[in-house]
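Hi everyone, thanks for making the time this morning. I'd like to walk you through one model, so please have it open on your screens as we go.

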Amino acid sequence: MKYVDEFRDGDLARGLAARIAAEVRPDRRYAFMEFCGGHTHAISRYGIAELLPPAIRMIHGPGCPVCVLPIGRIDQAIGMALERNAIVCTYGDTMRVPASSQLSLMKAKARGGDIRMVYSGADALKIARANPQREVVFFAIGFETTTPPTALVILQAEKEELANFSVLCCHVLTPSAITHILESEEVRKFGTVPIDGFVGPAHVSIVIGSGPYEHFADEYRKPVVIAGFEPLDVMQAILMLVRQVNDGRAEVENQFARAVTREGNRAAQAAVQQVFELRERFEWRGLGEVPYSALKIRSAFATFDAERRFGLHYTPVPDHKACECGAILRGVKHPRDCKLFGNVCTPENPVGSCMVSSEGACAAHYAYGRFR
Ligand code: SF4
């Protein structure tokens, strides 16, 4: 398949691995965080960690939208279905994330909640049109990749004057999470090894561009290499990071030049800007409350904001006591550090959010058996 097969070539991967091994300095170790769950998945699936020299350690970051969704937000969506009799629509993975009271959206559906899996917000709009007598709530989650489509469905709902449609908005922002990581002492250090640089997200960067990462290179002196999701993309990005570290450079480089520009997608950014504004505080699973790290719906579109429409209040809920998702999402623990991994907690019976989506670190390690 064009643009896929050539980025999975085994000979080229071995060549890149040899190049990386030749260029790592014998007197230092390297720790790079792949922010995005898509990269975590690629690293596990293609055995990239095993191809790297022992001097390089890859640290999983918090860039999995399902993983960072706090329990309190899922509880809100469940409450909409079970207590307010709304039709709640959301993406498939979101339905399986454990909430409080041993519930998930899937289990709430089994208890009679009208909860429907959709592939997009547009599907939720269709359901709203077909059920004018019912409240229909789209439980919208995700990073900058999924935010523009949510903005567009709100604009469309306004155009159609849909009176029964609203959005429970849980969209979060990548640069704020990276800032939080860089500002946190616990997170900056992985054991005794500081994070030397970041593999930057692919799809998010198509929307926001590479420009927003320049702050991290300039202010924090951390190299960022934006990379595609294929194995050769990730390996090339690691080589580029090694070279930056060796040269003492801290720059934003774009390995994913076939899709990412410095400016990003201006039309998508304009739609987001029109519909959403920054939230002052938003809780992330694992990171806690992160200032200005999420979006809320502007008051001009209040009628489509489920939080306003139903007077919802947010209550934080702690994770399962034995679940290490929080520490894994902060980059300070590994799935193998969790006592529940692979025995009590499996993809069929996830205890924490990192075991739900294929982008979650625990699910990726469980599926591909990579433990390095
Ligand atoms: Fe949480 Fe399960 Fe991962 Fe343990 S294995 S950290 S319980 S998701």
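Let's start with the contact between two helices: from H6, Gly-121, Ala-122, Ala-124 and Leu-125 meet Pro-149, Thr-150, Val-153, Gln-156 and Ala-157 of H7. Sorted by class, that contact holds 6 nonpolar residues, 3 polar ones and no charged ones. Do keep in mind that this is a predicted model.

How do these two helices sit against each other? Packed helices in general are described by the angle between their axes and the distance between the axes. Here, the axis of H6, residues 121–130, and the axis of H7, residues 147–160, come within 9 Å and cross at roughly 25°. Angles under 35 degrees count as roughly parallel, and H6 and H7 are therefore roughly parallel to each other. As for the hand, the crossing of H6 and H7 is right-handed.

Now please turn to the sheet. In which order do its 4 strands run? The order is E4-E3-E5-E6, in an open sheet with parallel pairing. E4 (115–117) and E6 (165–171) are the edge strands; each has a single partner strand, so one side of each is left without a neighbour in the sheet. On average, neighbouring strands of this sheet are turned by 20° against each other, if we ignore direction.

Let me zoom in on one pair. Strand E5, residues 136–142, pairs with E6 in the parallel sense over 7 bridges.

For contrast, let's look at a hairpin. E13, residues 281–284, and E14, residues 288–291, pair in the antiparallel sense over 4 bridges. Phe-282 stands opposite Val-290 in E14. Between the two strands of this hairpin there are 3 residues, and Gly-286 takes a positive phi near 90°.

Last stop, the ligand. Which residues are closest to the ligand? They are Cys-323, Cys-338, Cys-345, Gly-352 and Cys-362, out of 15 residues that surround the ligand. By class, this shell around the ligand divides into 13 nonpolar residues, 1 polar and 1 charged.

That's my tour, and I'm happy to go back to any of these views.

Note on methods
Residues are numbered from 1 along each chain as its sequence is written. This is a predicted model: local features need pLDDT of at least 70, side-chain atom pairs count only at pLDDT 80 or more; totals for chains, interfaces and linings use all residues. Axes are lines fitted to C-alpha atoms, for helices over the stretch in contact, and angles run from 0 to 180 degrees between N-to-C directions. Angles under 35 degrees count as roughly parallel, over 145 as roughly antiparallel, 65 to 115 as roughly perpendicular and the rest as oblique. A crossing is left-handed if the near helix is turned anticlockwise from the far one by less than a right angle, and right-handed if clockwise. Two residues are in contact if their C-beta atoms, placed from the backbone, lie within 7 Å. Ala, Val, Leu, Ile, Met, Phe, Trp, Tyr, Cys and Pro count as nonpolar, Asp, Glu, Lys and Arg as charged, and the others, Gly among them, as polar. Two strands pair if DSSP finds at least two bridges between them. A residue is near a molecule or strand if its C-beta atom, placed from the backbone, lies within 6 Å of it.
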